[in-house]
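This briefing covers one protein chain, shown below. Points on fold, surface, pocket, backbone and contacts follow, grouped by topic.

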Amino acid sequence: MQQVHEVMSQDVKIASPKDSIEKAAKLMAETNCGALPVGENGRLVGIVTDRDITLRAVSKGRAPNRCTVREVMSFRIKYVFEDEATHVAAHKMSKLQVRRLMVLNRQKRLVGVVSLADLALKHDGPAAASTLKQISKTNPSVHP
């Protein structure tokens with residue numbers, strides 16, 4: 001049985017809650033990702049997505065260079081442990097209606113990110129396809 005740490009992305013960039021959303025968006029563009037973990041004082045405190053920036057700031061006319069990550073980030077962190085099986089991650093994604101999970105070690109420190117694409121490309125194709133189907137069925141705003 002394959003574990004999450006075997007398929008996750010380990011080179012994860014972290015935003016600060018004090019960063020401007022402009023800086024966060026540039027980091028997302030540089031790393032070709034749609035979400036960044038947010039860390040402060042060595043701890044994971046939230047996550048900011050391109051959707052958070054769009055809906056909570058840009059759509060309201062907030063200036064990207066003056067609006068901070070803290071103002072738009074999500075504080076509820078959805079995660080999986082690095083030693084859990086990949087099918088557990090797929091099940092959590094389906095249940096939580098998300099395409100990525102933060103990966104923590106048992107001391108609850110960030111060690112990576114696992115995405116639906118990681119599951120599909122690196123091992124668990126059928127489970128990932130099933131998860132995407134479930135997410136798309138119950139959340140029509142999610143597109144493959």
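Helices (H or I, at least four residues) and strands (E, at least two) are DSSP runs, numbered from the N terminus. V12, for example, is found in the segment before α1 (21-31). The model is predicted, so that local features need pLDDT of at least 70 and side-chain atom pairs count only at pLDDT 80 or more, while totals for chains, interfaces and linings use all residues. Residues are numbered from 1 along each chain as its sequence is written, and side-chain values use heavy atoms, with hydrogens and water left out.

**Fold and surface**

- The protein chain has six helices and five strands.
- Their order along the sequence is α-β-β-α-α-β-α-β-β-α-α.
- The protein chain has 144 residues, of which 38% count as buried; buried means under 20% relative accessible area, exposed means over 50%, and partly exposed lies in between (1.4 Å probe, protein chains only).
- Among contacts in the protein chain with a separation of 6 or more, 56% are between residues 24 or more positions apart; contact means heavy atoms within 4.5 Å.
- The protein chain has an accessible surface of about 8300 Å², and carbon and sulfur atoms hold 51% of that surface. Accessible areas come from the Shrake-Rupley method with a 1.4 Å probe, and for residues only the protein chains shown count as cover.

**Second largest pocket**

- The second largest pocket holds about 310 Å³ of space. A pocket is an open set of points on a 1 Å grid over the protein atoms alone, where a 1.4 Å probe fits, with protein on both sides within 12 Å along at least five of seven lines; lining residues have an atom within 4 Å of a point. Grid points are joined across faces, edges and corners, and a volume is the space filled by probe spheres set on the points.
- Its lining comprises 16 residues, and S9, T31, C33, A35 and V113 are the ones nearest the centre of the second largest pocket.
- Two or more lining residues come from each of β1 (35-40), β4 (100-104) and β5 (110-115).
- β1 gives three residues, the largest share of the lining of the second largest pocket.
- The lining of the second largest pocket divides into seven nonpolar, five polar and four charged residues. Here Ala, Val, Leu, Ile, Met, Phe, Trp, Tyr, Cys and Pro count as nonpolar, Asp, Glu, Lys and Arg as charged, and the others, Gly among them, as polar.

- Q97 is not a glycine, yet its phi is positive at about 60°. Q97 sits in the loop between α4 (86-96) and β4 and is partly exposed at 26% relative accessible area.
- K108, also a residue other than glycine, has a positive phi near 60°. K108 belongs to the loop between β4 and β5 and is partly exposed at 42% relative accessibility.

- One aromatic pair is found in a search of the whole structure. Rings of Phe, Tyr and Trp (its six-membered ring) pair if their centres lie within 6.5 Å, with planes under 30 degrees apart counted as stacked, over 60 as edge-to-face and the rest as tilted.
- The pair is Y79 with F81, edge-to-face, at 5.5 Å centre to centre and 75° between the planes.
- Y79 is partly exposed at 26% relative accessible area, whereas F81 is buried at 13% relative accessibility.
- Leaving aside residues up to four places away in sequence, K108 touches both members of this pair, Y79 and F81, and also R43.
- K108 and L44 lie 64 residues apart in sequence, with 8.6 Å between their C-alpha atoms.

**Other contacts across the sequence**

- V12 touches P37, L110, G112 and V113. V12 is partly exposed, at 22% relative accessible area.
- N65, in the loop between α2 (50-56) and α3 (69-72), touches S20 and E22. N65 and D19 are 46 residues apart along the chain, and their C-alpha atoms are separated by 9.0 Å.
- K78 lies in the loop between α3 and β3 (79-81) and is partly exposed at 31% relative accessibility. K78 touches L96, V98, L101 and M102. From K78 to L101 the C-alpha distance is 5.7 Å, at 23 residues apart in sequence.
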